[in-house]
Amino acid sequence: RGSSVLVSGSPGTGKSSVGAKFIDAACRRAERVLLFAYEESSAQIVRNMRSVGIDLEPWVKKGLLKIQASRPTFCGLEMHLVQIHNLCRSFNPSVVIYDPITNMISIGSENEVKSMLARLLDYLKMNLVTTLFTSLSHQEDLEKTTLAISSLMDTWILLRDIEIGGERNRGLYVLKARGIGHSNQIREFLLT
């Protein structure tokens, strides 16, 4: 409870899908989840996740999942933070998903975004809300987050493309997990 997870990777590696599985698992435990989505509309998210076998629509209908989809440029960083606080107070989630944090760079400098995310993390941890953030990385430097926020996270999962014999596969590995034993191996995972 109250831990933070960062899932980073290059485009198409499955960051949002991992987030959706996290949502599905929490809702199956009858926990309330608040998803802040900054790339797709609610309808697109539900449709796209259904295509990989994750049906989020029942959770929305049961009131366990609230999707807050908007463009980062809708307002400034401070207003985003106020909006998140207000929605957390009114919806009272156990889990918050923020997908992706890297889109906030369009409305603030890296330092401003990092400061806002640090304050957000403090607020959520204080209220024992578990968080999952996604972050877009670039293929040339996967073990570096654009906003240098990995140090704020309890767990950091890296997703990557692995090419073997002309085939593209997805790999997953844990770069860090504070207080938790974890494998150092890269594991293949499938979106089905």
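G171 stands opposite E188 in β8. Strands (E, at least two residues) and helices (H or I, at least four) are DSSP runs, numbered from the N terminus. The structure is a predicted model, in which local features need pLDDT of at least 70 and side-chain atom pairs count only at pLDDT 80 or more, whereas totals for chains, interfaces and linings use all residues. Residues are numbered from 1 along each chain as its sequence is written, and side-chain values use heavy atoms, with hydrogens and water left out.

**Exercise 1. The sheet**

Determine how many bridges join β7 to β8, and state which strands stand at the edges of the sheet.

Solution.
Step 1. Strand β7 covers residues 167–177 and is joined to β8 by three bridges; the two run antiparallel. Two strands are taken to pair if DSSP finds at least two bridges between them.
Step 2. The open sheet has eight strands with mixed pairing, in the order β3-β2-β4-β5-β1-β6-β7-β8.
Step 3. The edges are formed by β3 (65–69) and β8 (187–189); each has a single partner strand, so one side of each is left without a neighbour in the sheet.
Step 4. On average, neighbouring strands of this sheet are turned by 20 degrees against each other, direction ignored. Axes are lines fitted to C-alpha atoms, for helices over the stretch in contact, and angles run from 0 to 180 degrees between N-to-C directions.

**Exercise 2. Helices on the sheet**

Identify which strands helix α4 touches and which strands helix α5 lies across.

Solution.
Step 1. Helix α4 (residues 77–91) packs on the sheet and touches β2 (33–37), β3 and β4 (95–99). Contact means heavy atoms within 4.5 Å.
Step 2. The direction of α4 makes about 160 degrees with that of β2.
Step 3. Helix α5 (residues 110–126) lies across β1 (4–9), β4 and β5 (130–136), and runs at about 155 degrees to β5.

**Exercise 3. An aromatic cluster**

State how many aromatic pairs the structure holds, and find which residues the ring pairs link into a cluster.

Solution.
Step 1. The structure holds three aromatic pairs. Rings of Phe, Tyr and Trp (its six-membered ring) pair if their centres lie within 6.5 Å; planes under 30 degrees apart count as stacked, over 60 as edge-to-face and the rest as tilted.
Step 2. One of these pairs is formed by Y38 and Y98; it is tilted, with 5.1 Å centre to centre and 50 degrees between the planes.
Step 3. Y38 lies in the loop between β2 and α2 (42–50), while Y98 lies in strand β4, so the pair ties together parts that are 60 residues apart in sequence.
Step 4. Y38 counts as buried at 1% relative accessibility, and Y98 counts as buried at 1% as well. Buried means under 20% relative accessible area, exposed over 50% and partly exposed in between (1.4 Å probe, protein chains only).
Step 5. Y98 and F133 also form a tilted pair, at 5.6 Å centre to centre and with 45 degrees between the planes. This pair links distant parts of the chain, with Y98 in strand β4 and F133 in strand β5, 35 residues apart.
Step 6. F133 is buried, with a relative accessible area of 1%.
Step 7. The ring pairs link F36, Y38, Y98 and F133 into a cluster.

**Exercise 4. The surroundings of T134**

Decide whether T134 is buried or exposed, and name residues that T134 touches.

Solution.
Step 1. T134 lies in strand β5.
Step 2. The relative accessible area of T134 is 1%, and the residue is buried.
Step 3. Leaving out residues up to four places away in sequence, T134 touches L6, V7, K15, Y98, D99, P100, I101 and T102.

**Exercise 5. Backbone exceptions**

Locate N92 and L128, and describe the peptide bond from D99 to P100.

Solution.
Step 1. Most residues other than glycine have a negative phi, and most peptide bonds are trans.
Step 2. N92, although not a glycine, has a positive phi of about 55 degrees. N92 lies in the loop between α4 and β4 and counts as exposed at 56% relative accessibility.
Step 3. L128 has a positive phi near 55 degrees. L128 is placed in the loop between α5 and β5 and counts as exposed at 53% relative accessibility.
Step 4. The peptide bond from D99 to P100 is cis, with omega near -15 degrees, and P100 is found in the loop between β4 and α5.
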